[in-house]
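Here is a short briefing on one protein chain, written for reading beside its sequence and structure. Please keep both in view while going through the points.

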Amino acid sequence: MGRRDLEPHEIARLEDDRVVFLDQRLLPDEEAELECRSSADVAEAIRTLAVRGAPLIGVAAAYGYALAAARGEDPVRAAETLVAARPTAVNLAWAVEEMERGDQSPEALAEQARAIHADEVERCRQMAEHAADLLSPGARALTHCNAGGLATGGYGSALGALKTAFARGILDYVFVDETRPLLQGSRLTAWELERAGIPHGVIADSAAAALMARGEVTHVLTGADRIAANGDTANKIGTYALAVLASHHGLPFYVVAPTSTIDLATPSGAGIPIEERDAGEVTERFAARNPAFDVTPAELITAVVTERGVHRAPFEESLHEAVRKPARGEAERVA
Ligand code: MRU
């Protein structure tokens with residue numbers, strides 16, 4: 001089909017008296033915007049997945065915090081409400097902390113929030129270059145959930161890497177896990193791949209093992225919601241199963257995520273809070289459980305790719321190095 005990539009402002013933007021999001025709950029059938037008039041509205045949009053994906057909910061929270069300042073809301077309360085919207089993605093708390101740190105005038109906060117958004121998109125473009133270097137000609141990659149521009153505010157992390165690999169002519173095909181229960185894969189990733197003109201096929205999550213066994217998959221790439229200091233990585237439920245399958249079939253498993261997703265204050269995956277969502281998202285008919293994320297142990301991850309480069313085990317060292325700010329005059333690429 002081949003339509004252009006979404007512009008960052010079409011995914012999320014701050015206006016004088018509102019924050020506007022592309023409402024991801026309605027995709028792919030309807031492209032409609034959602035207007036939020038307070039920080040509580042923004043928190044509700046995050047909670048209900050109108051806006052979702054780890055980097056984008058950080059951007060959304062930054063816009064919500066700036067909107068709170070423009071409206072004269074209590075900033076402490078606004079920050080608490082925004083951070084409480086979802087527990088697993090560390091980008092949410094990270095972005096609010098960034099906003100709390102600087103000049104608290106409404107003008108400065110609006111500028112800061114827009115800079116956070118622009119930075120996240122730029123990080124995606126850089127990490128995509130590093131990750132695409134890991135793919136070889138004829139790649140047939142499998143991805144899970146949506147780690148595209150819709151999840152990052154523009155371009156995408158794991159999906160950004162696949163876009164770059166396709167532009168380089170080394171990616172042949174993308175297997176898209178449908179991603180039960182909310183179908184971020186079949187609704188959002190497939191929509192983005194269709195717009196980008198990249199050959200793809202949606203698969204039932206349970207089909208991944210058989211396709212790997214038949215030699216149809218060459219690489220697995222996912223995003224992340226929080227990466228602990230030891231490399232254990234939280235991402236959409238089902239990611240851990242894919243990492244086990246990739247290990248069993250001898251396939252590389254790459255996590256592509258910005259340094260804003262690395263949480264050195266959490267030593268291992270055991271400390272990552274896992275969001276438990278409404279059971280009705282799984283079934284309205286029976287009792288159900290709905291953990292929205294799982295943790296992939298670091299030993300199943302071939303490499304973490306950030307805007308700073310490719311980071312391999314031992315992750316305690318390589319991730320610490322990745323988040324360390326480069327000293328003046330030091331090369332930006334540290335890994
Ligand atoms: O519940 P969601 O849709 O917000 O979950 C999103 C994911 O799990 C993504 O894979 C993750 O945020 C990485 S996106 C760059």
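By class, the residues lining the second largest pocket are 9 charged, 3 nonpolar and 2 polar. Here Asp, Glu, Lys and Arg count as charged, Ala, Val, Leu, Ile, Met, Phe, Trp, Tyr, Cys and Pro as nonpolar, and the others, Gly among them, as polar. The model is predicted: local features need pLDDT of at least 70, side-chain atom pairs count only at pLDDT 80 or more, and totals for chains, interfaces and linings use all residues. Residues are numbered from 1 along each chain as its sequence is written, and side-chain values use heavy atoms, with hydrogens and water left out.

**The second largest pocket**

- The second largest pocket has a volume of about 240 Å³. Of its 14 lining residues, Arg-47, Thr-48, Leu-49, Arg-277 and Glu-281 are the closest to its centre.
- On a 1 Å grid over the protein atoms alone, a pocket is an open set of points with protein on both sides within 12 Å along at least five of seven lines, and lining residues have an atom within 4 Å of a point.
- Grid points are joined across faces, edges and corners, and a volume is the space filled by probe spheres set on the points.
- Domain 1 (8-123) and domain 2 (125-324) each give at least three residues to the lining of this pocket.

**The two domains**

- The chain is divided into domain 1 (8-123) and domain 2 (125-324), with bounds from an automatic or database domain assignment.
- The C-alpha centres of domain 1 and domain 2 lie 23 Å apart.
- In domain 1, 28 residues are in contact with 34 residues of domain 2 (heavy atoms within 4.5 Å).
- About 2600 Å² is buried between domain 1 and domain 2, and carbon and sulfur atoms give 53% of this area. Arg-52, Thr-88 and Arg-123 supply 27% of the area that domain 1 buries against domain 2, more than any other three residues. Buried area is the accessible area (1.4 Å probe) that two parts lose on being put together, summed over both.

**Salt bridges**

- The rule finds 2 salt bridges across the interface of domain 1 and domain 2 (a side-chain nitrogen of Lys or Arg within 4 Å of a carboxyl oxygen of Asp or Glu).
- Arg-86 and Glu-275 form a salt bridge, their closest N and O atoms being 2.8 Å apart.

How values were computed: On a 1 Å grid over the protein atoms alone, a cavity is a set of points where a 1.4 Å probe fits but cannot get out, and a pocket is an open set with protein on both sides within 12 Å along at least five of seven lines; lining residues have an atom within 4 Å of a point.
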